[in-house]
Amino acid sequence: MPLWRTCRPCFIQAARWSARRRCPAEDHVIREIAVGYCHRLGRVCVTPPQRTGRQVSWSPATGAWPVYGTSDINTGRIMGKWAATGYERGSLGYPIDDEKPGIDPGSLRQTFQRGTIGWPISFADNPANSNIGTDWDEPSAAEVEANCPSCGDDRRIAINGLAYLNVPQPGPTSSVADGTGGTLNRTAEAPTDSVPVAESAPDALISCDQLVPDLTAGPDELVLCSPTPEMLEEQGLLDGGGAAQRVADPGTSLSREECRSLPQRQWGADRGYACMWREDYTFIYNRNSPTPTPGVQPVGRFHYIQEHELTTQWNNSAWTGKSAIHFYTGGVIGAATEALMSVSPVCSSSGAGCPVTGSGLSDVPVATNIDLETTFTVSNGTLATGAQVTNNATSKWVFTHPQTNPLRWNAPEARFPQVRCDRAASLTGQGCVIPAAEPIFDISSRGVQTHAQHIQRAQASGLPGVVNGVPLRRLVDPNAIQANRNSSCNRIPGPRAANTDCDEYPFASTYDGGASSGAVTRTYEDCNVAAGLSGGGSSIRVLDPDNIQNEGAGLSMCFINRQDNRSGGGYLSWFYRKQRLLDAETFYVN
């Protein structure tokens, strides 16, 4: 088949460039094209670099766009860097726009299907300084999904662990005054100041020692109240350590085992899940009896555990909650057996509203239903692009008793952690997270050994991101991200060793990335970085990998396995998306 017929689609597209890009005439392309190249691919028109320094690349999906330069990796400008990746069949794919001004004065950049190539023209006269890296450490979403299907598995991204959240709860009614009272499985001591106490709701149960007798009330009229620790002790309901004495532990509705080891009233959470439990007593007295004291026997008693949890979805603006109450064996006695139980979750929103749907529970007899739970869904509808809303939910268990006035009495309410739902332009679609939980990016066991090793060294040298240390802060501005790359790995000249990439830490996609004035740029003896660094090796500190000292703030660079670097970038991209990290939000790296 004649060459021009094989390349006809390309020629037609290329002709459209002729007026403003001086695209070569069809016969010129046929004469000068690299032998067999167009015939093999059927969609790329190449003009000889020595004559025009331009290649026009076309595909049905992208159209025709020129790439300027030569195939030389050191002096060929953007085309040289593109050639190093394998042209259209390489990691970057086809160009999708023309050259544009870069971030730095006089620089250029061009966007391809799966990344960006930059070129600082000010370096062009010095071939040793012209090896500009590509956008490899944070691939596009399409490239990640195509080449790293397991990257989307949450268990491969974030360490599963519950961080303590500061969510003040109503005061305790179940043990010592600070209300810690141990844990559900009694395997861990709770810190005495673990949970700040919130102001009680206006309709909360009154403390039993504040009751005032009503001598006009009938002999059968009852009142519910929260006992003091002294009252529990007098009734023999405290163990020797000041925690409630349990006749038999109740069941649990909590989905995750680690919730049972939390101190009571303490919310534990990651970005997509939170849980909390609390233990309480409620006493029943005759309304016309003298003010209850530790020695006065109640006519009825409840002993129960509340459990609450919520689950968000990174790709959905609705989230679910669950509230449960479990009565201990022997935890419903005397007049308490006549009580009914209801639950009513409610939500307030900074946006248009957060309606709550679910079956709920209404006036269920306690005596025959000692384990109760309900699930509910909170909706936020379709969010506008760029929108963020916050949801604050509360769940109230309510006792109803036929011999009381009023009939309904509130058990201590549960105040849920704040949920944020967004449709941020820097993320995919809309979804919800628990923003107070700082996520941990776990790269330690992902099969990217050289990438993980470099991060470990960098953190050991004093750089942020280590768990329980100073966190990293996500950066979403693409221009600032590119500037971080230009001040780090893009300063390293070629030629680079085969199958290696330059890795930088902190990540370019963080506010902590990039080189900064006065900070220490560092590498390691086996990283092959310092010898050719733009400006000379004196501008970087070379560390002994077996004896790393704290060098303080700065930047770390190392040549690592290319696949490790790109897979690590894929994991990071998925981590940002599924943890819904917005600009300046913090995270850690393990």
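Q: Which residue meets Asp526 in a salt bridge (2.8 Å, N to O)?
A: This is a predicted model, where local features need pLDDT of at least 70, side-chain atom pairs count only at pLDDT 80 or more, and totals for chains, interfaces and linings use all residues. Residues are numbered from 1 along each chain as its sequence is written, and side-chain values use heavy atoms, with hydrogens and water left out. A salt bridge needs a side-chain nitrogen of Lys or Arg within 4 Å of a carboxyl oxygen of Asp or Glu. At 2.8 Å, N to O, the partner of Asp526 is Arg457.

Q: How many residues apart in sequence are the parts that Asp526 and Arg457 tie together?
A: Helices (H or I, at least four residues) and strands (E, at least two) are DSSP runs, numbered from the N terminus. Arg457 lies in helix H9 (residues 449–460). Asp526 lies in the loop between S25 and S26, so the pair ties together parts whose separation in sequence is 69 residues.

Q: Is Arg457 buried or exposed?
A: Buried means under 20% relative accessible area, exposed over 50%, and partly exposed in between (1.4 Å probe, protein chains only). Arg457 has a relative accessible area of 11%, so Arg457 is buried.

Q: Which residue meets Arg256 in a salt bridge of 3.0 Å, N to O?
A: Arg256 also meets Glu258 in a salt bridge of 2.9 Å, N to O. Glu258 is partly exposed, with a relative accessible area of 31%. Arg256 is buried at 18%. The residue that meets Arg256 at 3.0 Å is Asp270.

Q: How many residues apart in sequence are the parts tied together by Arg256 and Asp270?
A: Both Arg256 and Asp270 are buried. Arg256 lies in the loop between H8 and strand S9 (268–269), and Asp270 in the loop between S9 and S10. The pair therefore ties together parts with a sequence separation of 14 residues.

Q: What is the distance of the polar contact between the side chains of Asp280 and Arg278?
A: Asp280 sits in strand S10 (residues 273–286). Asp280 counts as buried because its relative accessibility is 0%. A polar contact is a pair of N or O atoms within 3.5 Å; within protein, one must be able to donate a hydrogen and the other to accept it, and residues adjacent in sequence count only if both atoms are side-chain atoms. The contact joining Asp280 and Arg278 spans 2.7 Å.

Q: How many of the 9 residues of helix H6 are buried?
A: Helix H6 covers residues 77–85 and is mostly covered. Ile78, Met79 and Trp82 are among its buried residues. Just after H6, Gly86 takes a positive phi of about 105 degrees. The count of buried residues in H6 is 7.

Q: Where is Pro406, the residue joined to Asn405 by a cis peptide bond?
A: Omega is about 10 degrees for the bond from Asn405 to Pro406. Pro406 is in the loop between strand S17 (388–400) and strand S18 (408–410).

Q: What is omega for the peptide bond from Tyr505 to Pro506?
A: Pro506 is in the loop between strand S24 (500–505) and strand S25 (520–524). The bond from Tyr505 is cis, with omega near 0 degrees.

Q: What is phi of Asn528?
A: Asn528 is in the loop between S25 and strand S26 (541–543). Asn528 is exposed because its relative accessible area is 63%. The residue is not a glycine, yet phi is positive, near 60 degrees.

Q: What is phi of Ala584?
A: Ala584 lies in the loop between helix H11 (562–578) and strand S28 (586–589). At 40% relative accessibility, Ala584 counts as partly exposed. Ala584 is not a glycine, but its phi is positive, at about 75 degrees.

Q: What distance separates the C-alpha atoms of Gly358 and Pro345?
A: Gly358 is in the loop between strand S14 (356–357) and strand S15 (361–365). Gly358 is exposed, with a relative accessible area of 55%. Pro345 is 13 residues from Gly358 along the chain, and their C-alpha atoms are separated by 9.3 Å.
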